[in-house]
Amino acid sequence: MGKSAELLPGTLDLLILKAVSLRPLHGYGVLQRIQQISGDALEIPQGSLYPALYRLEHQQLIAAEWGVSDNNRRAKYYKLSAAGRRRLREETAGWNRLASAMAAALNTTPEEV
Amino acid sequence: MLRRLRSLFRVLTSRRDFEEGMSGELRFHIDQLTEDLARSGVPRQEAARRARMEFGSLNAVAEECREARGLNPFDELIRQLRHAARWLRKTPGFTATALMTLAVCLGANITIFAVVDSILLRPLPFPEASRLVTVFNTYPKAGVDRDGSSIANYYERRGRIPAFAAVAMYSYGTAVVGEAGSIEREEITRVSPDFFSTLGTGPAMGRSFTDEETSDQTDKIVILTDAYWREHFNADPQVIGKQLRMDGTWNTVAGVLPPGFRFLSSAARLYAPLPSRPEDRSSRQRHSGGNTRQMIARLNPGATLAQAQAQIDAQNATLEADDPQAKMMADAGFRSVVASLHADHVRSIRPVVLWMQAGAMVLLLIGGVNLTNLLLIRASSRLKEVAVRQALGASRRRIISEAIVETTLLTLVGGLLGLVAGAGGIRLLSVLGADRLPLGSDIAFDARLACIAVLGAIAMGLALAAPVAWFSLRGHMTVAIQSETRGGTPSRAAQNLRHGFTVAQIALAMILLTSAGLLGLSLERAMAVSPGFRPDHVLTAQIAVPWNRYPNWPARLAFNERLLNGMARQPGVSAAGVVNNVPFSGNSGKSAATVEGHPRLPGESPRGHYSYGVDGDYFAAMGFSLLEGRFLTADDSRRSARFCVVDEDFARYYWPHGSALGQRLFVGSEAATGAQSFTVVGVVSAAKQAGLTDQTAQGAVYYPYALRTDDKLFLVVRTSIQPESLGLALQKTVRQIDPELPVTDIRSMDTRIADSLVAQRSPALVASVFSLIALLLIAVGVYGVLSYAVAQRRREIGVRMALGARPDQIRSQFLWRAIRLLAAGEMLGLTGAWLTGRAMRTLLFQVPPLHAATFTAAAGVIGVVSVAACLLPAHRAARVSPMEALADQ
């Protein structure tokens, strides 16, 4: 496991949306997927995932459905709703704008001012 | 927002599923984590422990999830509701008292509000009903306040008053409907062609009347109400064009009105054209409204009553310019008044209804004060608990919301009980005759009323929570904790508040009781008024004698003769007579008479008098006393001599110093030739026509029946037996003479008089019921407050007793305290009662608003009840055992 970064506030929701946008996942799967796609760089406290999932479900950005897991147990699967997809697109764009702006700002050399 | 509410609603409706799903999901996560850890080589038990550790507190996560789902406020509410319910169950005595108080007070308000709502608040059932007005002629100086409108008025105003979009006439009446031999009598309203278009609600099927259908020959058509159509035509869709026999002639059905059509309080199920002759429409007949024909109009959008009134006044002035009668009408104070149709229809009942609502509100206030006191007592017993909880971090918001949940739960349950009580009250009202009030038959218990009642209960809950919350949070936690632990004397502020409420309660009860007393006294005084004849043992009935069956005088007189002879043969009958309009018939139309040798002085208005046509032994049957001369007899109607009898009031007005006998008078407002005069042959006692509380000495003239008649008559029979028992014999007698004549309105004279007092009786009755409840409430209130004071000071009393105080000293100390409160409350109440009495003067009859005996009696009754209520607690105080009281804490 490499060095893990603290999660910025508000980014967990975006990460969850991204994770379930690839394919429907149960809660544990969401956690694993985020760790996988972030290259294990992001550490998410186990317990904090569920309130976020419930909040997103309440906002109807994701939809839940009961299904059967790989090891044949009943599990709740989350998938992205249309509103969620829209939100993901907007937030991703916003995030990228912010990231490039930050990068540009931080890379500024004295000569460029 | 809406989406979230929907999602919340889904979760709330399947709350159990939500909880199960959530715990299943969280368990699944921990199991998966355990398995992954185990697979990576951690021993199974260690893996399970580590998974639980990493996950954190299950409860905390679950709580956060619930919050994320927006469930927290609801959980909190449910917790508080449970708590409040447990609290109410734990103190059944308090809960029962509070619920009974609420049920009675809210029930009374719901009942009366149902009346206010249906009579005053709900608009008439027509589109834009606020634009509907009525126009009537008034001649106040002649003693004629309302004279309807004339056909001439209608034709003069139609299309000529810019403020009116439409003008129409109507006239109530009855008709015998059905095949020959039928005596089924239907109420029928005769209307001008534009009646339905003025109301804005026309026939649902068929057509309305036309302008051509307004003469005696062309008016043989009829419009049915939905109810009549269903009942008598089996809801036949082909009914248009069918024939209906009315008063012996065939009428063509032109239309059917929509379901629920109802004009004001009329029970008419048939509508026919209002016919008139060309001479009725001429300007000479302008003042012949006679209060049987009424005008309605619809204001143009944007037009006001004042504009319409100004335009009517202007038109009247123009028309009167070339009217020979103008001078006399002006002397009579003639005016045409424009008034809102709804307001005008309910004007007589409006103050009564509003006063009853005010009484109910006072009752609610007394009950509310009672509850507040009881709740404050409870709150002070929990003051310590609240202070400790606040010290432990309970927020003020939480304390307030708890108070609100508790009181609102109480008032909601009380409100539901009140709805039951109100439904009962509404039924009781209809037994008392409320459906005879204008628009009274619409009084009903419906969803609208229930909603308003529930909202009212919630509002009351919030109102009750305010003092409780204020009291609980009144700072000084440490003081509360300390004072209560020491079991010392109660805080001054709380005690003052409770005492203030008790004083207010007694004052309000005082107002209710005196009002009830004043109204009851008015009723008693009204009932004591002599009607001017002897109403006992008199049976009266109305018989319609249509002109087309009895077209001339000999035929009509012959019918009377057979009728009177038939009745005279019945057992116990001592006298029988016929009159065109019996006193207390509900019709008090007046007409003019002119006395020979009494020219109207300048400025003196022509006078309207009651005028009657009598046959048979009418005066003897009614029990009039003869003051001078002789009665009219049956012979007078059958001779060419023109005699009349006048009453005391009439004689006193025209011949204050001499005898009325031998004087001559004329029918109408102008003296005619000598041959048309009537010679006065007798003076009788003055009878009340409109009601016992009728104060004006209107004067009356009794003419021989042949010269003064309508198409219906009243039969009056004096009997030595119970008058009602003669009813069947009366109907049989009429049937033997003519089976087609309907007999209606069979009532004893006593019943007529009693029925006429409904406007006095119902407020008096309602006020008495309210007063009784108020007395009960103050008894409960005083008892509660004093009991609490005794319980709270047990310790102090114990100490004093131990130091040698005598029990009767303790007892009188508490009694004196109660009496001081009582005196303050009664003083305050006296002032309020005096103001109330003055304000409701219109409802009083021969009773001054400041009636010493009533006030004293009310003060006495309240005094006795309150002192009785504090005897038990005072006695209990005197029996406190010093040992027990000191050992208590």
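A residue is called buried if 20 or more other C-beta atoms lie within 10 Å of its own, exposed if 12 or fewer do, and partly exposed in between, with C-beta atoms placed from the backbone. The model is predicted: local features need pLDDT of at least 70, side-chain atom pairs count only at pLDDT 80 or more, and totals for chains, interfaces and linings use all residues. Residues are numbered from 1 along each chain as its sequence is written, while chains are lettered from A and ligands numbered from 1 in the order in which they are written.

**View 1. Ala235(B) in a loop of chain B.** The loop runs between α9 (226-233) and β6 (243-246) of chain B; helices (H or I, at least four residues) and strands (E, at least two) are DSSP runs, numbered from the N terminus. Ala235(B) is not a glycine, yet its phi is positive, near 55°. With 11 other C-beta atoms within 10 Å, Ala235(B) counts as exposed.

**View 2. Asn72(A) between two strands of chain A.** Asn72(A) sits in the loop that links β2 (62-68) to β3 (74-80) of chain A. Here too phi is positive in a residue other than glycine, near 65°. Because 7 other C-beta atoms lie within 10 Å of Asn72(A), the residue is exposed.

**View 3. Chain A as a whole.** Chain A has 4 helices and 3 strands, in the order α-β-α-α-β-β-α along the sequence. Its C-alpha atoms fill a box of roughly 60 × 35 × 20 Å along the principal axes. Of the 113 residues in chain A, 27% are buried.

**View 4. The side of chain B that touches chain A.** Here 20 residues of chain B are in contact with 15 residues of chain A (contact: C-beta atoms, placed from the backbone, within 7 Å). Two or more residues each come from α1 (2-13), α2 (15-39), α3 (44-55) and α4 (58-68) of chain B. The largest share, 8 residues, belongs to α2(B).

**View 5. Nonpolar cores.** A nonpolar core is a set of buried Ala, Val, Leu, Ile, Met, Phe, Trp, Tyr and Cys residues joined through C-beta atoms within 7 Å. The largest has 224 residues, and those touching the most other members are Leu363(B), Ala509(B), Leu512(B), Leu715(B), Val716(B) and Ala774(B). Leaving aside residues up to four places away in sequence, Ala509(B) touches Ile366(B), Ala774(B), Leu775(B), Ile778(B) and Ile862(B). A separate core of 26 residues includes Leu49(A), Leu80(A), Ala51(B) and Val61(B).

Definitions and conventions:
Contact = placed C-beta atoms within 7 Å.
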